[in-house]
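Reader: Hi! Could you walk me through this model?
Author: Happy to, let's have a look together.

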Amino acid sequence: MNPQAVVPHGFRPSRRVVPIRFMPASQQRSQAGHYAWWVRAVALVAFAWAFLGWLNDAWLYRFGTPIWLNRYTESALILAFGLWRIRAEKNPYTRKRLIILVINVTLFWWLIPWVWPFIEPHLGFLAGLPAFPSLHVPGTVTFFLVLAAVLLFGRRVICGWNCPCVGIRETVGFAFRHVDHVPRSARAWRLRHLKWFWFALYLGAMWAVTRPANNVTVGYLGFFAMIVVLPYFATLLLSPWIGNRSYCRFLCPYGATFGLLNKVGMFRIDYAAERCIQCGKCAKVCDMNIPVWEMGAANQGRVDTTECMGCGRCITECPTNSLAFRDVRNWLQPSLRQDREHLRQRVDWSLGIVRWRFAGYLLLMAGVLTGAIHYSGQVGTWGELPARLGAICGLPTLSW
Ligand code: SF4
Ligand code: SF4
Ligand code: SF4
């Protein structure tokens, strides 16, 4: 047992950890290592570029649809930096998660809505929103599917694998994940409650989309978009001082929504006190500043919190295998233990279950896409696709 460890008294983030410089090189990625000043400068330029892209698309409209300066600039940056991060990542589970994350962001937040901006069916009204950003749009069919998935598998469905916010922060922003720059004080832990203010505003947005379009509802949704997007980019640009996950920790209304489902759904982390040596590494690698082992010790082995985004770092870095995910799969297969060994396994394509899982994922995505296409038809149709592709490629007209 670590001689510095003490019996927990409340949920205070632990500071009793091994200093980063003593961590083995093979773990430095999960622990967040030091990056040269120029890497951080490049990352800051990329953040500014993503922000300018959004500004141009939202307010200026000076450059049409070029990928280098519109709302999809962010997705292109995630892909570019994502390839670097996937190659550099040493933790096998994080590498798997990054691959899925980069593919999802590239497909669902960039290529499909950019090439084919159909409107997904929704309750109430919304202006022409492309299909897959509706992962975050209250009232859309996809959004309800996401809520159901979060209930079964936890917040990681979106906050780990599917959100451009986590995408840009875990790829471009990784250089700012250094432990010295991530607020980990008890005050920072209390600040997590700030997001409930944004959540209250979000409830107003849910109400607005189900009402007829009028000055009040349209005005409120515009205000809500600003109050979400501007802090989103502001926290990117402040990353050198406040770390790379401040938006998710303190301000995201969607994170609050998914967090509530985390709490009432089937997801949690199991903590085995008898194995734990209280080294504090689980808390040290947690971007959400969750005092993992302390919370588990105080809650009879359950780490069950609205904050956990399910990145799995605490589990895969625990040296004694004391932590394990629990979700709907454990209800279906009680002997399953989603611990460090389980998560760190390499994907074995020779296993039937792996291939079936992949086929199921493709089938689900195809179903969502087909349903959206079938019910939409308001902006993008099969017939408009070639013309849209031609416009993106800079061709004056192209149709079949
Ligand atoms: S907390 Fe919000 S911004 Fe962060 S990953 Fe989750 S949904 Fe995305
Ligand atoms: S749960 Fe694992 S990582 Fe966390 S303090 Fe215990 S032994 Fe260390
Ligand atoms: S508690 Fe573990 S899985 Fe949850 S956010 Fe923290 S490190 Fe990730």
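Author: One term before we start: buried means under 20% relative accessible area, exposed over 50% and partly exposed in between, with a 1.4 Å probe and protein chains only. At 17% relative accessibility, glutamine 278 counts as buried.

Reader: Thanks! What sort of model is this, and how do the numbering and cut-offs work?
Author: This is a predicted model: local features need pLDDT of at least 70, side-chain atom pairs count only at pLDDT 80 or more, and totals for chains, interfaces and linings use all residues. Residues are numbered from 1 along each chain as its sequence is written, chains are lettered from A and ligands numbered from 1 in the order in which they are written, and side-chain values use heavy atoms, with hydrogens and water left out.

Reader: Back to glutamine 278, then. Where is glutamine 278 found?
Author: Glutamine 278 sits in the loop between strand 1 (268-271) and helix 14 (281-285). Helices (H or I, at least four residues) and strands (E, at least two) are DSSP runs, numbered from the N terminus. The phi of glutamine 278 is near 55°, a positive value in a residue other than glycine.

Reader: Let's zoom out. How many helices and strands does the protein chain have?
Author: The protein chain has 20 helices and 4 strands. Of its 400 residues, 53% count as buried.

Reader: Which residues of helix 2 and helix 10 meet?
Author: Leu44, Phe47, Trp54 and Trp59 are among those in helix 2, and they face a set in helix 10 including Met226, Phe233 and Leu237. Contact means heavy atoms within 4.5 Å. Ala, Val, Leu, Ile, Met, Phe, Trp, Tyr, Cys and Pro count as nonpolar, Asp, Glu, Lys and Arg as charged, and the others, Gly among them, as polar.

Reader: And what about threonine 106? Buried or exposed?
Author: Threonine 106 is buried, with a relative accessible area of 11%. Threonine 106 is in helix 4 (residues 92-115) and touches Leu79 and Leu111, not counting residues up to four places away in sequence.

Reader: Switching to the ligand: what surrounds ligand 1?
Author: The residues around ligand 1 include His136, Arg155, Cys159, Tyr247 and Phe258, where near means that a heavy atom lies within 4 Å. Helix 7 (164-170), helix 12 (246-251) and helix 13 (253-264) are the elements that give two or more residues to this shell. The largest share, 3 residues, comes from helix 13. By class, the shell has 9 nonpolar, 2 polar and 1 charged residues.
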